[in-house]
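My entries follow in the order in which I looked things up.

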Amino acid sequence: QRKSNRRQGPSTRAIHLGYDPATANGALTPPVYMTSTYAFESVEQGTEIFEGKREGYIYGRTKNPTQGLLEERVADLEGAEAGLVVSSGMGAISATLWTLLKAGDRVVADKILYGNTFALLTKGLTKFGVSVELVDFGDLQAVARAAAGARVVYFETPANPNLRVIDIAAVTGIARRAGALSIVDNTFATPILQRPLELGADLVVHSATKYLGGHGDLLAGVVVGKAADIHAIRMNGLRYLTGAAVSPLTAFLVLRGLKTLELRVLQHSRSALAIAELLAEHPGIASLSYPGLPGSPGHAVAKGQMSAGGGLIAFELKGGYQAGVAFMNALEIASRAVSLGDAETLVQHPASMTHAAYGAEERLRHGISDSLIRLSVGLENIEDLIDDIEAALSAVP
Ligand SMILES: C/C=C(/N=C/c1c(COP(=O)(O)O)cnc(C)c1O)C(=O)O
């Protein structure tokens with residue numbers, strides 16, 4: 001019997017919750033159920049499971065024991081009743097939105113989103129009669145005006161790619177008062193640094209491809225929230241709207257990633273802060289955005305909802321686009337690659353890569369400049385990263 005009934009920390013829960021080796025021949029790590037279907041003891045048993053009268057597994061597109069343990073652990077980390085894991089972040093976002101929305105509904109979303117989320121909203125949902133209104137979520141009056149009559153209010157914070165920070169409690173409060181559901185994409189911060197459900201959000205989505213998996217070796221997506229909502233997204237959004245089922249092997253790899261999530265996110269944050277401080281002092285930097293840095297645009301709001309700044313930094317060089325390209329091409333440890341949250345440091349050019357879906361005019365209107373650089377700070381030793389960045393900065397003509 002434990003001395004205190006204190007709640008265990010996130011790492012302890014991410015490593016131990018919901019699995020007892022005694023249930024699997026003593027295997028310390030959970031089995032990977034590589035099966036597409038499940039045998040019933042009798043027709044009657046199968047019928048009862050289909051009817052939902054009896055717990056059980058039917059077919060790999062909706063449920064799997066390895067996936068289920070991961071869903072339990074991610075939901076626990078986010079403080080959610082339930083979770084659903086699918087095959088990519090876009091799979092989680094589309095399964096969620098297709099389940100909640102029908103023709104005639106309206107979505108209010110922040111203007112700064114991952115490029116393909118922007119495309120799903122503006123080019124995907126609108127084809128089926130859903131209207132989408134992009135609003136500056138920094139202007140709470142504008143959000144309140146737009147949220148009236150909306151079905152969903154959707155945003156990322158910190159947002160991809162310029163690390164814009166949005167006040168979760170303020171925006172989710174506006175959504176609730178308007179009778180709209182609020183959905184927050186928590187990919188950049190992770191539940192280690194911020195838990196939007198505790199701040200009023202109804203649903204949280206993740207690209208588990210990023211920090212949750214943490215090793216650049218998989219694609220997966222997550223949505224967590226109330227059990228009834230997650231059940232509906234599983235049985236509609238996953239089962240027949242998207243079919244975006246995750247591989248049990250991938251679920252096992254994300255389970256493995258979760259064991260070090262806290263360690264990694266705190267290390268990413270320490271290294272990113274050290275690099276942000278270096279860039280803030282560098283004469284060649286024109287603009288810098290890092291939620292954990294005093295003076296950075298979203299720092300005041302970030303301090304109220306994030307326990308550290310995370311691993312992403314967005315900045316521009318004084319020489320604009322050309323200087324940015326020269327800098328990125330001169331890096332030797334950082335890889336020129338999209339994605340983020342990997343052990344490897346990654347650098348990319350949003351305007352021509354992750355946010356090309358916006359188009360040049362929309363990018364400018366939404367504050368994604370052609371000279372913006374997005375840096376995902378990895379787990380390499382910080383001295384090596386600083387040497388690499390300083391050398392690349394001095395290589396800029
Ligand atoms: C190449 C991918 C990048 N991002 C993706 C992403 C997704 C979509 O997640 P999947 O890629 O479908 O797992 C959802 N939500 C956020 C905040 C994201 O950044 C990238 O920016 O570099």
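**Entry 1: the strand β1**

I started at Ala-82, which stands opposite Gly-225 in β7. Gly-83 stands opposite Val-224 of that strand. I took helices (H or I, at least four residues) and strands (E, at least two) as DSSP runs, numbered from the N terminus. Two strands count as paired if DSSP finds at least two bridges between them. By that rule β1 and β7 pair in the antiparallel sense, over 5 bridges.

This is a predicted model, in which local features need pLDDT of at least 70 and side-chain atom pairs count only at pLDDT 80 or more, while totals for chains, interfaces and linings use all residues. Residues are numbered from 1 along each chain as its sequence is written, and side-chain values use heavy atoms, with hydrogens and water left out.

I then checked burial (buried is under 20% relative accessible area, exposed over 50%, partly exposed in between, with a 1.4 Å probe and protein chains only). In β1, 5 of the 5 residues are buried, so the strand is largely enclosed by the rest of the structure. Ala-82, Leu-84 and Val-86 cover one side, Gly-83 and Val-85 the other.

**Entry 2: the neighbour β7**

I found 5 of the 5 residues of β7 buried as well. Gly-221, Val-223 and Gly-225 point one way, and Val-222 and Val-224 the other. β7 also pairs with β6, in the antiparallel sense over 5 bridges; there Val-205 has Val-223 as its bridge partner.

**Entry 3: the 7-strand sheet**

I traced the whole sheet next. It is open, with 7 strands in the order β1-β7-β6-β5-β4-β2-β3 and mixed pairing. β1 (82–86) and β3 (131–135) stand at the edges with a single partner strand each, so one side of each lacks a neighbour in the sheet. From one strand to the next the twist averages 20°. Axes here are lines fitted to C-alpha atoms, for helices over the stretch in contact, and angles run from 0 to 180 degrees between N-to-C directions.

β4 (residues 152–156) and β5 (residues 181–185) run parallel and are joined by 5 bridges. Tyr-154 has Ile-183 of β5 as its bridge partner.

Helix α4 (residues 89–100) lies across β1, β4, β5, β6 (203–207) and β7 (221–225), at about 150° to β6. Helix α6 (residues 140–147) touches β2 (106–110), β3 and β4, and its direction makes about 170° with that of β3.

**Entry 4: helix α3 and the cores**

Which residue caps the N-terminal end of α3? I found Asn-64 there, with a side-chain oxygen 2.7 Å from the backbone nitrogen of Thr-66. α3 (residues 65–78) has 14 residues, of which 12 are buried. After α3 comes Gly-79, with a positive phi near 70°.

I then listed the nonpolar cores (sets of buried Ala, Val, Leu, Ile, Met, Phe, Trp, Tyr and Cys residues joined through side-chain atoms within 4.5 Å). The largest has 56 residues; among those touching the most other members are Leu-70, Phe-137 and Val-153. α3 gives the most to this core, with 5 residues. A second, separate core of 32 residues includes Ile-93, Leu-97, Val-107 and Leu-125.

**Entry 5**

I found another open sheet, of 5 strands in the order β8-β9-β12-β11-β10, with mixed pairing. β8 (285–289) and β10 (335–336) are its edge strands, each pairing on one side only. β11 (residues 346–348) and β12 (residues 373–376) pair in the antiparallel sense over 3 bridges. Helix α13 (residues 320–330) lies across β9 (312–317), β10, β11 and β12, at about 125° to β9.

Is Thr-345 buried or exposed? It counts as buried, at 3% relative accessibility, and lies in the loop between β10 and β11. I checked its polar contacts (N or O pairs within 3.5 Å; within protein, one atom must be able to donate a hydrogen and the other to accept it, and residues adjacent in sequence count only if both atoms are side-chain atoms). The side chain of Thr-345 reaches the backbone nitrogen of Gly-378 at 2.8 Å, and a polar contact of 2.6 Å joins it to the side chain of Glu-380.

Methods: Contact means heavy atoms within 4.5 Å. The expected span of a helix is 1.5 Å times one less than its number of residues.
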